[in-house]
Amino acid sequence: MGEIPEGLLSDLQGGQHGRQKDSEKTVHFPDGNATLARLLVSHLIPDATNARSQDDMGLADFNYTKLDQKGQPVRIRLSTLALNVSHDGPVDQAETVSVICAPAGDASPKQLSKVKGRQVVLACWNMIIPYMVPSLPKDQKDALGYAVKGPIAYVNVAIKNWQAFKQLGVSEILCPGMFFEEVQLAEPVSLGKLKTPTDPSAPIVVRLIKTFGVPGLSKRDQHRAGRAILLGLTFEQFEQEVRQQLQRILGSGGFNADTDIAAITVNRWPHGYAYTYNSLYDPLDWVFTETSERPCVKARKPFGRIAIANSDSGASPHTDAAFEQAHRAVTELLARQTFPFLSATPGASTL
């Protein structure tokens, strides 16, 4: 086997690239990544909660009235949409950026407000940025629009006991050809006062995962077509599939869908996971290297006082990508502030 080309698979974000880890140990929070958000808020706005460590976060109380107060160095405004972002003057001369906002659900002119800042990070779904910042160069708008997010449904089913899983000796079941591809017990995690269930006769949550694709189309077009399928499904259809599939795979272990299911929650993500490059549809160097030709690199170029983050910017739906892209975006703005001559050309990268 020949020598691996320099840069191949190095520093690519997200586990889907097969990046080697120093340790097999991973951190999984019982509440998903909500713990990370809560830890950030507790650090940025300490008055919002008494909780400080990751062990505290699962059951922590937060005072939402403390999140958006005048005089604080950090203010978090909930239920608010940013509609338009623009420089206050020519891109290469403006000293501030204006953000037009509206309460979620009401974008009437009288409800609009304007927030000014010296610099702005857009850490949102990259595809909507061209609509928020219409002054962006066309090639950057095209690159931002390349990342078509993948649709997915996570269905959580509360069952009264998990004796059937114990009887069958399984905790995760892959189901090719069935409606849900995966059926899995909640990952056993104890953190602080949140304790993993250990008694099979006690209630537990089962997660079922459904992705959406249409064979024969490109990956991006499959995401678009799959989104339409997801949005066209009713809750009743999901419930029927849940009951049928769980009965089929767990019935021999004593499971009864009519009596053992306590509740069903369907979480639809029509714009779910960030687009990842695929060797069937995208150039190989996009998939395996950090080439600057990848759309995500062109899309995340700083534009004057506006930097762009989000996991879309790393072409990976994983948490490490979101953090690394946030760090990169802030670093670019700090570099611009400290060394303004590095970003004299609108749209040029500062690093």
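**Notebook: cavities, pocket, core and a sheet**

I began with the largest cavity and found that α4 (138-144) and α10 (295-299) each supply at least two residues of its lining. Helices here are DSSP runs of H or I of at least four residues, strands are E runs of at least two, and both are numbered from the N terminus. The model is predicted: local features need pLDDT of at least 70 and side-chain atom pairs count only at pLDDT 80 or more, while totals for chains, interfaces and linings use all residues. Residues are numbered from 1 along each chain as its sequence is written, and side-chain values use heavy atoms, with hydrogens and water left out.

**Largest cavity**

I noted that α10 gives the most to this lining, with three residues. The lining of the largest cavity consists of N126, A143, L144, Y146, A147, Y275, Y277, P295, C296, A299, D312 and A315. By class I read ten nonpolar, one polar and one charged (nonpolar is Ala, Val, Leu, Ile, Met, Phe, Trp, Tyr, Cys and Pro; charged is Asp, Glu, Lys and Arg; polar is the others, Gly among them). Its volume is about 70 Å³. I searched the whole structure and got three cavities of 30 Å³ or more.

For both kinds of space I used a 1 Å grid over the protein atoms alone: a cavity is a set of points where a 1.4 Å probe fits but cannot get out, a pocket is an open set with protein on both sides within 12 Å along at least five of seven lines, and lining residues have an atom within 4 Å of a point. Points are joined across faces, edges and corners, and a volume is the space filled by probe spheres set on them.

**Second largest pocket**

I looked up its lining: A37, R38, V41, F62, Y64, L67, I76 and L78. Seven of these residues are nonpolar, none is polar and one is charged. The pocket holds about 150 Å³ of space.

**Largest nonpolar core**

I found 29 residues in this core, with F238 and L246 having the most contacts inside it (a core joins buried Ala, Val, Leu, Ile, Met, Phe, Trp, Tyr and Cys through side-chain atoms within 4.5 Å; buried means under 20% relative accessible area with a 1.4 Å probe, protein chains only). α7 gives the most to the core, with five residues.

**Three-stranded sheet**

I traced an open antiparallel sheet in the order β1-β2-β3 (strands pair if DSSP finds at least two bridges between them). Its edge strands, β1 (80-87) and β3 (113-117), each pair on one side only. β1 and β2 (residues 97-103) are joined antiparallel over seven bridges, and T80 has P103 in β2 as its bridge partner.

Terms used. Buried means under 20% relative accessible area, exposed over 50%, partly exposed in between (1.4 Å probe, protein chains only).
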